[in-house]
Structures are given as C-alpha cells and as structure tokens.
Amino acid sequence: MTGQLNPTLLLAVPLAPLAGSAIAGLLGTKFFGNVVGRKVSHSATILGVLIAFLISFQTLMQVMDGATYTGDIYRWMTVGSVKLAVGFHIDSLTAMMMNVVTFVSLMVHIYTIGYMAEDEGYNRFFSYISLFTFSMLMLVMSNNFLQLFFGWEAVGLVSYLLIGFWYTRPTAIFANMKAFLVNRVGDFGFILGIGIILAYTGSMDYAEVFAKKDILVNGTLPGTGWMLITVACICLFIGAMGKSAQFPLHVWLPDSMEGPTPISALIHAATMVTAGIFMVTRMSPLFEMSDTALSFILVIGSITALFMGFMGIIQNDIKRVVAYSTLSQLGYMTVALGCSAYSVAVFHLMTHAFFKALLFLGAGAVIMAMHHDQDIRNMGGLKKYLKVIWITSLLGSLALIGTPFFSGFYSKDSIIEAVAATHIAGSGFAYFAVICGVFVTAFYSFRMYFLVFHGPENFGKEHHHAHDSHHADEAEEDDHGHHGLAPGEKPHSPGLVVTLPLILLAIPSVVIGAIAIKPMLFGDFFKGVIFVGENHEAMHELAEEFHGAVAMGLHSFTSLPFILALAGVVAAYVCYMVKPAIPAWFYDKFKFLHTLLDNKYYMDKFNEAVFARGARLLGEGLWSAGDRAIIDGLFVNGSAKVVGWFSSITRVFQTGYIYHYAFVMIIGILGFLVYFLPFWQANS
C-alpha cells in the first residue's frame, strides 16, 4: 500500500491529549470549581493518550507500507513570501517518534494513578502531563520551523510547571527556574539558527529549506569568513544542547528530579530530552554540509557521555543515579549524530526511551515502597518484598549497560562501532569516552541495583547519614509527610496500576533492539528521510560488518564493550556486596575526586559566581548608573534643579516696582534684536 495519510486522523493525534488536558485542567481543579472528580480526570487524559497511541501505531503501519503526508493543516498568515502555518510532515522518523512518545506517555499516565493517589494536585498533574504529550507531538509532527519552535517552547514551559509541581518546596521552585533559564540560553541559539535559515532561504518550511541549502553552503556570515551553514547548524545544535542536556547546559536535568517521579520518566526518557536528538536528525540534510558542526557535536557529546557518567558513581539518591545515566546516554546519542550515524542515534533514542522509562518508574515504585525515602543507603534486601519491581529493574539495568541480546546492546554497540569507523576530527577522544563509559555505566547501574535489592536490610533504622541526604531537610515540606519506614515496618508492594506499566515497558526493553536493528539501521526504514554524505563512511562500514541480530549478539561476547560491562558489574558486586571497605578506602585516598564529583565539577558554583552574580552586578550597575544617576539624577532631579535655578534668578526681578519691570522689558527687547539682527541683515 502506498499513498497519502488522512490529515484529519493525524490531527486527532495531538488534539486528543489536548482535549484530555483541558477536561482535567479546566473542569477538575479548584480554580474552575472541581466540576469533575479524579476518576473523570484520569480517564479523560488516559483515553486521549490511548487514542493518540492507537492512531500513531496505525500510522506507523501505513508508513511502513509506503504512505506519507506532508502539508499544511492551517495557514496562520503570509508575510511577503514567507508563510506561517501549522502543518504535518509524516514519514518513518516522525511515525517512530509518535509511537515512542505516546506509548511511554500512556504508561506514565496509568502509573500516575497509583503514584499520585494521595496528592491534592492529582487532577492538575494529569492535565500537565497530557498537555506535555500534546506539545511533544506538535514538535515531532511539524513540517516547518515555526511549529517546531512552538512545540520546543511548549515542552519547556510545561516541564517548568511539572518540575515545580510541588510549589511549596523551595528546592522545587529553584529547580524549575533553573531548568527554565538554562533552556532559554539554548533556545536563544536555536532561534538564531532559525533566523539565519529564514533570512537566507526565505522560508521556514523544511522541504523548501532543504531545497535551498546550497545558498547556506556557498554563503558566509557577513563580516566574517565563517560558512553560513556551519554557523546555522551550530546555533541549532546549541538549542539541542539545552533541551537534550549536553555539557555545559546539562546542569538543569539532575535538579529536575524535584518533580514527581512520573515526570522524570516522561521528560527524561522519551520526550523532552530527546527533542534535540530528533531535531538534529530531522535536519540531517543541513548538518551533513558542515564537518565543523559535526565535530563540535561529536566532542560535546563525548564530554557529556563520559563525565556525566562519573557523576552517577557517587549519587545516593535513587532518582539522581538514573538522571545522570540519562545525561550519559544522551551523550552517546549525540556522539552518534556527530559521526553522521543519525539512524543509530534515533535507534538508541527509541531503545533508551523504553528501558529508561522502566528504570525511572521502577525507582518510583521503590520510593513508594520505602515511604518516600530515596536514599539507596537506607534500602537493601528489597528483592524479597518487591518481586515484580526487582525483575523489571534488573531487565532495565541489563538493557542500559548493553548486555548482549537486550535492546540497549544493539543500539549502544552500534554507536561504539560507528565512532570506531568515523574519521572526523574529535573521533579519537569520542571513542575513548564511549568505551570508558561502558564500564562506568555498568558500575553505577549495578551499584544502585545491588544496594537497593540485595545485601542487608537497612530500612527501618536510624541513619547518621540521613542529614546529608538530598531530601532529608524536606521531610516537613513534603506533602507525603514522614520519610522512610518506621522501625519494624516492612516495604509494601504497589498495586497492579503501578506494576503493569513496568511489565509492559520491560517487554520492548528486552526485544525491540533485535527486532528493529535491521530495518532501522540497514534497511529502507529511513530511506529518503535521513541523509548521509558520501564522505561519511560510518554507516557503510557498519552495514558491511552486520550479519544479523543473533550473530551480532554472539560475536559481542568476545568484544571489548562486553568485557568492560562485565567488569563494571563484577566491580560493583565486589565493592558493595563482598568488600564494602573498598569504596571507603577509595573515598579516603581520593577524597578530592569525590569532592569534585559531589560539587558537580563546580559547574553550579561557576554559573552562580560568573553568570548569576554577573547578572546581579550588571543589574545593580544599570540601576545605579542608569536609573539613579541618569534618569533620577539627571533628567528628573536635574530638570527640577534647572527650573529652581532659573526661578531663583527671575525671582530677583519680581520686586513690585514698575521701573524694574520696564528695565527687564527693555533688556529683553534688546536681546531679541541682537539675536535676530544677523538674520534680518542676510535677508534685507
């Protein structure tokens, strides 16, 4: 089957979650009188996302049979030759993203029924996450930069609301403001890139821009020798650095853990943080024209993949371990983009969406069982109490570290092979980063796994380290009240509404990689969608070495990545299950490294000292010099002083004597004659 997709049906994909969000947000909140209750709110939003998923799945099946759609749904305005419209561009890349976004969102919606059951903001939360889904779908389905930017900003706005959902917590308010401001830095670069493209191509439509890319390739930025295409691509990627949390704009993502756990799964798995990866892949016809931009992407991704992985080793908050894992894996995706292996990047995006959502939701289930204690040092032995969560978390962890035949193995190993096959500047450092990252990922992932599910039971006790836990001083502020299990209290397993999404996410976390690798990387799935230049050979070399999913898995048992992953798991087991004195020894001998990591490489302190304090000093300077000195001092007070001075002089002549007034009049007439005499002489 070939042909065109139904635009009316496509329109229902984003609008169904939007309708659910409106019902929960407008009719289910105090502001509008709580017209509907909790059941109606979660039913409406889940139904909306379910409709979106079913249509997305049908769309994917049609796209795989050759159907496409590109066109405008609504023309907003036309300014000269530039049209501003809402439209859809549906191909295999879009269809894949639609399915990932709607499926993960659906799992999060169902999970939220159990996780947020005791929260007063239940309806508001469902409204937000459904609105977030709408925003992300508008982003991935767009056929022009205007709609892309709308979705881009909308997911940023809704993430601000979600991260600060518990707005009575000062830490949550700080975190959502931090996320908002850091993303604005990236978005400034993004809009500059869009502006350059619009200025030189005269269009915001993808197809028209790609058709005129030679204008950007052959042009230079006025006043410089820089290629226009390089400047435009780097500006676009700066936007991706903000959304996809790449160094140094990564600082917002760990703090965003202040939001409820379902949001961590939604934002950090399949949606907002992958928007940058999707955008660069969509713009592959432009990025392929600039090796400089690709090298920049490669190096930034490498730094993020390696150094953010190190951060996960020292974290004790279960959600933050998974958050730094997300940062590292986003770095891997970015490295693949820099190697022109765009299909590998979105393949890892897809597999990562499933197992990372699984890990986040599993972490949330553990937090529920532990009565909202997030410190992994207070856990241990939970395998006995949380069977389903234990098994699904193990499967997610095995997928994350790239265990052969799991989904993460196929995508992660493909990235490593793509880096080894590329020769672009920075590829040497990139290969070192992704190889070292294999061991680091395995170590911190199974450090968390062993401390949570195995070893002695550390819950229900008084811990002297509780006061340095990230959430310890928030106990009184948290809506859930007391943190941790009381002495003698045992963990309680969450109900089916929490465990069912874990089971459903575990299935693709295991099998989707083996199923999808051939069509997505070496088949025709992305044919005509992703463009790779002839001078970039990475994908060709991967295709030559690929002999099937089974053969790839069997061959990996003798490869370096597998050895390093196994070494990371063994090292974690020895350090935290057999010889706990080893980490203590490392801490004692290399305390400066722990301090460096604990302070997040001092990036927050640097930003506070340079940018935040600099902005305050600039503001104080503008206030002192501009407001006080110029506006108040010169214009307001100065004009008053001039009037007062002039009045004090004229007051001298206000004596009441007629001859004084006559004298002033004579002097005035004389001055008038002297002033205008040259003008009269010239015209006489």
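In this predicted model, Phe546 has a relative accessible area of 14%, and because buried means under 20%, Phe546 counts as buried. Its aromatic partner is Phe522: the two rings are stacked, with centres 4.5 Å apart and 25° between the planes. Phe522 is partly exposed, at a relative accessible area of 25%. The pair links distant parts of the chain, as Phe522 belongs to helix H20 while Phe546 sits in the loop between helix H21 (538-545) and helix H22 (549-555), 24 residues apart.

The structure holds 31 aromatic pairs. Another of these joins Phe125 and Phe165, and here the geometry is edge-to-face, with 5.1 Å from centre to centre and 80° between the planes. Elsewhere, Phe446, Tyr449, Phe450, Phe453 and Tyr573 form one aromatic cluster.

Helix H20, which carries Phe522, spans residues 496-522 and supplies the largest share of a nonpolar surface patch, seven residues. The patch consists of Val388, Leu496, Leu500, Ile503, Leu504, Ile507, Val511 and Ile515, with about 660 Å² of accessible area together. Ile515 is one of the residues in helix H20. With a relative accessible area of 59%, Ile515 passes the 50% cut-off and is therefore exposed.

The sheet is open and has three strands in the order S1-S2-S3, with mixed pairing. Strand S1 (3-4) and strand S3 (82-90) are the edge strands, each pairing on one side only. Strands of a sheet pair through backbone hydrogen bonds, either parallel or antiparallel. Strand S2 (residues 67-79) and S3 run antiparallel and are joined by nine bridges. Within this part of the structure, Arg75 stands opposite Ala85 in S3.

An annotation can be set beside these elements. The UniProt record, an unreviewed entry, places the feature "domain: NADH-Ubiquinone oxidoreductase (complex I) chain 5 N-terminal" at residues 76-126. How much of the chain is helix and how much is strand over residues 76-126? The chain there is 57% helix and 25% strand, and the C-alpha atoms at its ends are 30 Å apart.

Definitions and conventions. Residues are numbered from 1 along each chain as its sequence is written. This is a predicted model: local features need pLDDT of at least 70, side-chain atom pairs count only at pLDDT 80 or more; totals for chains, interfaces and linings use all residues. Side-chain values use heavy atoms; hydrogens and water are left out. UniProt positions are given in the numbering used here, feature names are shortened, and annotations may be inferred rather than shown by experiment. Helices (H or I, at least four residues) and strands (E, at least two) are DSSP runs, numbered from the N terminus. Patches are made of residues with over 30% relative accessible area and no salt bridge: like charges are joined within 9 Å, nonpolar side chains (Val, Leu, Ile, Met, Phe, Trp, Tyr) within 5 Å. Accessible areas come from the Shrake-Rupley method with a 1.4 Å probe; for residues, only the protein chains shown count as cover. A salt bridge is a side-chain nitrogen of Lys or Arg within 4 Å of a carboxyl oxygen of Asp or Glu. Buried means under 20% relative accessible area, exposed over 50%, partly exposed in between (1.4 Å probe, protein chains only). Two strands pair if DSSP finds at least two bridges between them. Rings of Phe, Tyr and Trp (its six-membered ring) pair if their centres lie within 6.5 Å; planes under 30 degrees apart count as stacked, over 60 as edge-to-face and the rest as tilted.
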